[in-house]
Amino acid sequence: MDIKKTPKKLNVKEKYRLMTRDLAWEPSYRDEKEIYPYVDYEGIKVHDWSKWEDPFRLTMDAYWKYQAEKERKYYAIIDAHAQNNGHLNVTDARYLTAIKLFLQGISPGEYSAHRGFARVGREFAGVGPQVACQMQSIDEIRHAQTQVHAMSNYNKFYNGFKDFATQRDRIWYTSVPRSFFDDAMSAGPFEFLIAIGFSFEYVLTNLLFVPFMSGAAYNGDMATCTFGFSAQSDEARHMTLGLECIKFMLEQDPDNIPIVQKWIDKWFWRGCRLLTLVAAMMDYMLPKRVMSWREAWNIYGVENGNALFRDLARYGIRPPMHWDDVEKSIDHTSHQIMLGLYQWKFGTAFHSWTPTDSDIEWLKEKYPTTFEKYYLPRWEYAIAQKEAGGEYNNFGLPKLCQTCQLPCLFTEPDDPTQLAHRETEYEGEKYHFCSDGCQHVFEQEPEKYIQAWLPMPALMQAPLKGDLAAWMEWVSLEPTAAGEYANSEDKANFEKWRKQVSTD
Amino acid sequence: MSFEVTIEPLGQTIEVEEDQTILDAALRAGIYLPHACCHGLCATCKIDVLDGEVDHGEASSFALMDFERDENKCLACCAIPESDLVIEAEIEEDPDSRNLPVQDYQCTVSRIEDLTPTIKGIWLKIEDAEGIDFQAGQYINLNLPDDIGSRAFSIASIPEQSGEIELNIRKVPGGVGTAYIHDELKEGDAISFSGPYGRFFVKKSADMPMIFMAGGSGLSSPRSMIVELLEEGCELPITLVYGQRTREELYYHDEFLALAEKYSNFTYIPALSDAGDDGEWKGEVGFVHEAAQRAFNGDFSGNKAYLCGPPLMIDACINTLMQGRLFERDIYTEKFISAADAQQVRSPLFKNI
């Protein structure tokens, strides 16, 4: 009788070696410097690329198989959501503001990350990081696509979704995430990995995704929630890539430490400024709230951040330079940003509203030392204007920060009654900043930031020359997508359709 | 009821309680399995089930695919055994691990000696003529009577002396187990233990110079490891940086002085953190990490470091080693992840230190 012979299964380590490390070759007729011209211009010294470890050991063949099944499951749920009028299951149409902001601000960022990782996957000289970056590049474009698809169903029924790509390039608040990603993409390969792979994917990702995805779950949005699960299964790999990169740089040469520190200082601050939009979303835009921005920061910022920087201290890395300023701002930022978005609501591709009585109670409870004292009076002023038949708008244009591109609406870290303004003169021009953090980032690389495209000057330049109606057309903003929620088509339609469904 | 789970490629078997996850049980047993989110979403802890049945618990259908469930994979952070299991995890196979099986041993207390005012040497003669096979650096679980339970102690003697092992035990203030050993245990008593346990042993295959850093009652494993290396004829540079508070706590000081005399590749650096006005003391004054920094001029690269002692000492030594360009892959600590540690917020930057 024949003895059945089972072929020996390759173990994971062996398979990984064959499918990644073993795919590399020694160049014979071109030298390494010509092939990888960008690896040393940032000053990072690498002595041994083989020390780059990839604990995931995922090979391309297995990668496709996983992602294909994720896609199948994801689209089955998206289809069901569309066929069963899933959009009417959300708490109410105010929730749409949160996902409009996500689609306009974050999904294009996923696409930028896709392009960035494709680029650095080519620019790094080691095969380990090359393969890991290629996979992340494909993940990121998948995330951008699946987010757009998840939200495309809402576009059939509601305003403000249809032209997110144009708005990403032209409208004002979207220039905040846009400038963040443009800054990263125009940096060298190692800085890009610190910016996106480390600061964004590791230090800040929980502060971004957990609020949005739990917000989706709490508010009945199955489509977005499913996207969240599908993406989260990639996130651990992304975080690992960022962490491995930073360990690799710090271990390869002691001269790398000050360079890495500078990048951590910069990207932590830039990330925190970007997250102020998420803070406003969490505290003001969800009809059913998950937790306050302060609570999220305490868990994901303070607790996890402290654990990380305790470990990084072993390499001689200290916590990010402006950490204390961020901590001082946490009880203020969401209110300051939301008051800004509300007063400029004629220029946002989403609706906003003044907090209801129950919102006010919640905000008082979550921000006992700041909300009632500093921000409630301003909301009460806006509410009184409405009740008198008016509308609280600010047609004056804000001064934007040259670095983060948010309006200069934040207060001094130690005085919440004093607006913070900083300015730096560079080659005869004056540049404005919202904070010490942003001014510091500018002053490290002024040649880079003087080139920044700012949305407010675009309104004043030819051909628009300050014509607000022409600007709205140029940024693809229909009046129905902007303004007060109470008067919106979205509200009226949602309530009408929901009633039809429930009386069927 | 509990199940036995054998973890390949280590070949080590652990017990998993009812409703306990595989990950939790492995971490508590001191076996590191890769993990991150701990609630079934990220798939970092994916493992193969080679034999037996598991309940997948909360594993997300996006983190553990249907085809993977068909291939008998599971997420260790959610999976609960429904039978005895054999699993395979992505653990580096360690060429220096002999993967010795754990066994129960009956023995007699053959000798008790005061090593310092707070540390006793306890010698246990094993009844079984074959004695115990262990790797220098490993520990045993000593079973204590009167429902005290078992306590873990590193073996201070060398593997060659397999018939009688030596333990060095410090009296822990308020500790029931060590109080029993110090106050009640007598020569001639019958006692039992199980072992050997632990993955703290010399990475001989690396063939690199070694630094041992020991403090408090953490000398046992390094002593066993160093004496074995020297007696085997190892010619690589070996350094022991050994710290205590005072001279009278510095047990086995004379033995190490004699070894340094006999073996030219062995350097002994004793340090007292509280030398007081001990005019006789000629050694280092300060903590272990400070003495090591001076001895190596702040550059530890090209070595393997083995750390054993109280948590604060280990932490200070790791900082000093890393600032001296020696990183995780070359640092080994005797470490037991307690339930409290497993729940503490940790960054995923380091896995083994």
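Residues are numbered from 1 along each chain as its sequence is written, and chains are lettered from A, with ligands numbered from 1, in the order in which they are written. Because the model is predicted, local features need pLDDT of at least 70 and side-chain atom pairs count only at pLDDT 80 or more, whereas totals for chains, interfaces and linings use all residues.

Student: Which element gives the largest share of the side of chain A that touches chain B?
Tutor: Two residues are in contact if their C-beta atoms, placed from the backbone, lie within 7 Å, and the contact takes 25 residues from chain A and 27 residues from chain B. Helices (H or I, at least four residues) and strands (E, at least two) are DSSP runs, numbered from the N terminus, and those giving two or more residues to this side of chain A are helix 3 (60–83), helix 10 (222–252) and helix 12 (293–312) of chain A. The largest share, nine residues, comes from helix 10 of chain A.

Student: Is B:Asp104 buried or exposed?
Tutor: B:Asp104 is found in strand 8 (residues 103–114) of chain B, and, leaving aside residues up to four places away in sequence, it touches B:Ser192 and B:Ser194. A residue is buried if 20 or more other C-beta atoms lie within 10 Å of its own, exposed if 12 or fewer, and partly exposed in between, with C-beta atoms placed from the backbone. Because B:Asp104 has 11 other C-beta atoms within 10 Å, it is exposed.

Student: Which strands of chain B stand at the edges of the open sheet of six strands?
Tutor: Two strands pair if DSSP finds at least two bridges between them, and here the pairing is parallel, in the order 17-16-15-14-18-19 (chain B). Within this sheet, strand 15 and strand 16 (residues 266–272) of chain B pair over seven bridges, with B:Tyr268 as the bridge partner of B:Leu240. Each edge strand has a single partner strand, so one side of each is left without a neighbour in the sheet, and these are strand 17 (284–285) and strand 19 (331–333) of chain B.

Student: What covers the buried residues of helix 4 of chain B?
Tutor: Helix 4 (residues 220–232) of chain B has 13 residues, and the buried ones include B:Met225, B:Ile226 and B:Leu229. What covers them includes strand 11 (149–154), strand 12 (164–170), strand 14 (210–215), strand 15 (238–244) and strand 18 (304–308) of chain B.

Student: Which residue in the turn between strand 3 and strand 4 of chain A has a positive phi?
Tutor: Strand 3 (residues 422–426) and strand 4 (residues 429–433) of chain A pair in the antiparallel sense over five bridges, and the bridge partner of A:Tyr426 in strand 4 is A:Glu429. The two strands form a hairpin with two residues between them, and the residue in the turn with a positive phi, about 50°, is A:Glu427.

Student: What is the omega of the cis peptide bond that joins A:Ala462 and A:Pro463?
Tutor: Most residues other than glycine have a negative phi, and most peptide bonds are trans. A:Pro463 is found in the loop between helix 19 (455–460) and helix 20 (468–474) of chain A. The bond that joins A:Ala462 to A:Pro463 is cis, and its omega is about 5°.

How values were computed:
Expected span 1.5 Å × (residues − 1).
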